Amino acid sequence: MSNAFIAFQKNDDSRCIVEAILEDNPNAMVDDQPSMVKIDVPNRLVIKRETVEEKMGRAFDLQELQLHLITISGHLDETDDEFTLSWNS
Amino acid sequence: MDMKASKKLGLKERYTLMTRDLAWDTTYQPMDKVFPQTAYEGIKIHDWDKWEDPFRLTMDAYWKYQSEKERKLYAILDGFNQNNGHLSVTDARYINVLKLFLGSTPPLELMAARGFSMMGRHMQGAGPRVACQMQAVDEYRHFQTQIHSISNYNKYYNGMDEFAHQQSRMWYLSDGKSFFDDAITAGPFEFMVAIGFAFEYVLTNILFVPFISGAAYNGDMAAMTVGFSAQSDEARHMTLGLECIKFMLEQDPDNLPIVQRWIDKWTWRGTRKLASVGMMMDYMLPKRIMSFKEAWEMYVEENGGALFKDLARYGITIPKCFSQTIEEKEHVSHQSWIGFYMKPQATPFHTWIPTPDEMDWLSEKYPNTFDQYYRPVLEFFDAQEKAGKRFNNQTAPMNCQVCVSTIKFNEPGDPMEMCFRETTYQGEKFHFCSDHCQEIFEHEPEKYIQTFISSHQVLQGNCEPEGVDVNAPDFQPGKQILDYWKLDKRALGDFNGSEDQKNFAAWREQATKN
Amino acid sequence: MTMLKTLAPYEFKSRDALENYKGRQLVYINWERHRMFSRPFVVALTPDTPFSTIIAQMAECFSYHPDWAQIDWDKALWQNGKNSFTPDRNKSLAENGIGHKDLIRFRTPGLDGIAGTGY
């Protein structure tokens, strides 16, 4: 099984996003690096708008991820509610 | 909240309305005349509407987020400059990695911008056209922000101001130039595999993620913000590259062998291009977060491996070069650094021998190779320098006809032997660094016989500053090569004793007292 | 077989054709297992240049290496590309069969670079 991953610049928004990912992806592994954070999840990584909003305490458009993203791995599917990275193998 | 169900369109609906629904089929001229480049490479497309950008990014949202990125970026750059941020980097050797990074990357970003502008014109489907246009604008943004960065450091440090002049002239910049020239002179689908897939998906991770995180670790907030701001676009670029691969493979089974050959070719060309990034990570960052080898394992072996495993369902196999890249990850950064160290009079940045502590770090990170093959050489150079005989190799190098790297890589399986390959085409010999470059040449020799090899051009008398009479009886080619390159003499030589070293020490001293 | 596909006729000359060197030719020279130099280096010489000129250029470049003084010239092995040959240093490149863009590989058995590193 391959890992899907995502990396963010470290800032206040991405701190909440990472918290949301950890809550919604029980197998998530966090790799803390200087000024950035990378999260790996076996096979499928999902970011849920609702969870991020709960962590941030405000409305959040998943397209705002664009501002903090550094890199991704996996096939992407983005809807209004979920941002999903996955491998088919 | 009940009010959430507003009139706002959903993401998928908005994407459809603002991309495909804004496009039309031409009637005054047939579509294949309007888009003359889509068929000649042999790629068969039956339904362009099957292409969908998974980010579903529309132009209005694009401008919104990109302008926000720019505001953040320039706020940090301003803060960095207002606080003399350049003096907060670990030590002045670090500046040299910027000279190499910022001196070589912007012209390649510009080539990417030109390439994606062409793709934005020549891709027949509205989905890829919009995504390519966005990427073209992104690449211009990277080009501009990197040049802004150069201007900030260029006020203080030597050797950064002639990067544009040097791009198509200097020996060590030829590999990157050749990579993009090769891609942009291919057809649109090959370009997408070259840049969108191999470069963005498999390779930029190494340059913009661990290396830029390393810049932050060395206190360089400016390079960090420029790098990460660029990389925030790369996630979208990677997705575009991957979508293009899947799209071609899903459209017609006849596309598979063509796509496979391009994946093989461009994974290898990208690997060669990254050899110098290896030495930036292992040798030029005073503080290092991970070795090039570790980065290679994380981003190329694991991430690239995951991708190739996933694409196996279409019949794609792991690129032929993959096993060689795994063997070479133990060697290339050391071979590259020695390659630059030997040429103190031929680069606008300084080189040096790592400190004993740094060598110990390299031993730890490269237990299979560093002590056996590279440490004794570096220690020899160090002793020579201390005895006043700093190595300065003045001969002109031999280069690979395809990747234009200097011939320096070892024979697979034997780190002691140089790897040579050659072939004859139309009665002329051509030399390569590897089986993979030879194979690329043999597929399209008409293209690669035109390669610009700096040492050869010097010997032909084509690299002289204005006013030199190449027909004079006493003409000696290359005598004035530094002037031809417009190399800043202050930027030459070993780091030890350089003006940058002295200035940095003096300025730091001033920063702490009156 | 070429796999090049183009929209129009595509014919360009080699940028390194012999005729571009005005009577001279390229020769690459490599000292095997001594990779600290510009590995193979390249020079442009006329075909009537004696091979001894190449040895002089090698000395100029390679004598920085401590192995250079240790060479037993009677045991040195030479290759032109893949083929072994014994150069006559008083004869010309042409007489020694060295053509445009040939790679001369010089091997000194027993000398494997600094501390046996191949450098």
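Helix α3 (residues 59–82) of chain B packs against helix α5 (residues 126–154) of chain B at an angle of about 10°, their axes lying 12 Å apart. The model is predicted, so that local features need pLDDT of at least 70 and side-chain atom pairs count only at pLDDT 80 or more, while totals for chains, interfaces and linings use all residues. Residues are numbered from 1 along each chain as its sequence is written, and chains are lettered from A and ligands numbered from 1 in the order in which they are written.

**Helix pair in chain B**
- α3(B) and α5(B) are therefore roughly parallel to each other (angles under 35 degrees count as such, with axes fitted to C-alpha atoms over the stretch in contact and angles running from 0 to 180 degrees between N-to-C directions).
- Met59(B), Tyr62(B), Leu73(B), Leu77(B) and Asn81(B) of α3(B) meet Val130(B), Met134(B), Thr145(B), His148(B) and Asn152(B) of α5(B), contact meaning C-beta atoms, placed from the backbone, within 7 Å.

**Sheet in chain A**
- An open, antiparallel sheet holds 4 strands in the order β2-β3-β1-β5 (chain A), where strands are DSSP runs of E of at least two residues and helices runs of H or I of at least four, and pairing requires at least two DSSP bridges.
- β2 (29–33) and β5 (69–73) of chain A are at the edges with a single partner strand each, so one side of each has no neighbour in the sheet.
- β2(A) pairs with strand β3 (residues 36–42) of chain A over 5 bridges, and Asp31(A) has Lys38(A) as its bridge partner in β3(A).

**Contact of chains B and C**
- Chain B contributes 41 residues and chain C 39 residues.
- β1(B) and strand β2 (residues 41–45) of chain C run antiparallel, joined by 2 bridges, with Pro397(B) opposite Phe41(C).

Definitions and conventions
Parallel < 35°, antiparallel > 145°, perpendicular 65-115°, else oblique. Contact = placed C-beta atoms within 7 Å.
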